[in-house]
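Please look at the model first.

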Amino acid sequence: MAVRQAARPLMQELAESVRGAVSLGVLDGTDLVYVETSRAGDVGAHTPDIGSTVPPARAAMGRALVSLPTAREGQEGERRIAGATPEIWSAYGEALREGVRQCAERGFCVSRGDWVAEVHAAGAPLFRGRGGECFAINCGIPAFRLRSRQLEEEVGPRLVALAGSIRALMEQRGHGRADG
């Protein structure tokens, strides 16, 4: 997965500067799957690792991933997610829809403890691969380290810039232009 190698140093730089974890994930059916994570020291009890799965409705990165498909694909995806985990959908379905709206409006979304209570995160869509797979990135920071509105005013915009840098690197390295 070439995107992991291209993204890793840039992800590490952001992780260190905000003292958090920056991860790359892919949508696999009704799950968000972590494919890379860069950490800066102690990021608390939750340290996402490669292969870990999360219900998309509960995480900023999952919501960013769901924002990538077309409207029709997104509606079908919502139906599958709701059917696979009805209790999670009941509790977080509207948060997923709000995250998709946030991604459309400002290029990122936020989640405040919806997956791990002590971790707040911003997520940004990255791209759709040639095979239709959807990639996104996130930055999770222990809540006690965050200043008021830091996710919205600093972390989210930096994540959007990081996504643009990763897309440009992929293109420079000859992996073509990613969709989306």
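Q: Which residues of helix 5 does helix 1 meet?
A: This is a predicted model. On the helix 1 side, the residues in contact are Ala2, Val3, Ala6, Ala7, Leu10, Met11, Leu14, Ser17 and Val18. Their partners in helix 5 are Glu154, Val155, Arg158, Leu159, Leu162, Ser165, Ile166, Leu169 and Met170.

Q: How many nonpolar residues does the contact of helix 1 with helix 5 have?
A: Sort the residues of this contact by class. The polar class has 2 and the charged class has 2. The nonpolar count is 14.

Q: Are helix 1 and helix 5 roughly parallel or roughly antiparallel to each other?
A: Helix 1 spans residues 2–18 and helix 5 spans residues 150–172. Their axes come within 10 Å and cross at roughly 155°. Angles over 145 degrees count as roughly antiparallel. Helix 1 and helix 5 are therefore roughly antiparallel.

Q: Is the crossing of helix 1 and helix 5 left-handed or right-handed?
A: The angle between the two axes is roughly 155°. The hand of the crossing of helix 1 and helix 5 is right-handed.

Q: Is Ser38 buried or exposed?
A: Ser38 sits in strand 2, residues 31–39. Leaving aside residues up to four places away in sequence, Ser38 touches Arg8, Met11, Gln12, Ala15, Gly20, Ala21 and Val22. Its relative accessible area is 2%. Buried means under 20%, so Ser38 is buried.

Q: What is the relative accessible area of Val116?
A: Val116 belongs to the loop between strand 4 (109–112) and strand 5 (119–128). Val116 is buried, and the cut-off for that is under 20%. The value for Val116 is 16%.

Q: What separates the C-alpha atoms of Val116 and Arg128?
A: Along the chain, Val116 and Arg128 are 12 residues apart.

Q: Which pattern does the chain follow along the sequence?
A: The chain has 5 helices and 6 strands. Read along the sequence, they give α-β-β-β-α-α-α-β-β-β-α.

Q: What is the radius of gyration of the chain?
A: The globule rule gives 16 Å for 180 residues. The chain is close to that, so it is as compact as a globular protein of that length. Its radius of gyration is 15 Å.

Q: Of the contacts with a separation of 6 or more, what share comes from residues 24 or more positions apart?
A: Buried residues make up 51% of the 180 residues. Among contacts with a separation of 6 or more, residues 24 or more positions apart account for 60%.

Definitions and conventions:
Residues are numbered from 1 along each chain as its sequence is written. This is a predicted model: local features need pLDDT of at least 70, side-chain atom pairs count only at pLDDT 80 or more; totals for chains, interfaces and linings use all residues. Side-chain values use heavy atoms; hydrogens and water are left out. Axes are lines fitted to C-alpha atoms, for helices over the stretch in contact, and angles run from 0 to 180 degrees between N-to-C directions. Helices (H or I, at least four residues) and strands (E, at least two) are DSSP runs, numbered from the N terminus. Angles under 35 degrees count as roughly parallel, over 145 as roughly antiparallel, 65 to 115 as roughly perpendicular and the rest as oblique. A crossing is left-handed if the near helix is turned anticlockwise from the far one by less than a right angle, and right-handed if clockwise. Contact means heavy atoms within 4.5 Å. Ala, Val, Leu, Ile, Met, Phe, Trp, Tyr, Cys and Pro count as nonpolar, Asp, Glu, Lys and Arg as charged, and the others, Gly among them, as polar. Buried means under 20% relative accessible area, exposed over 50%, partly exposed in between (1.4 Å probe, protein chains only). The radius of gyration is taken over C-alpha atoms; the globule rule is 2.2 Å times the number of residues to the power 0.38.
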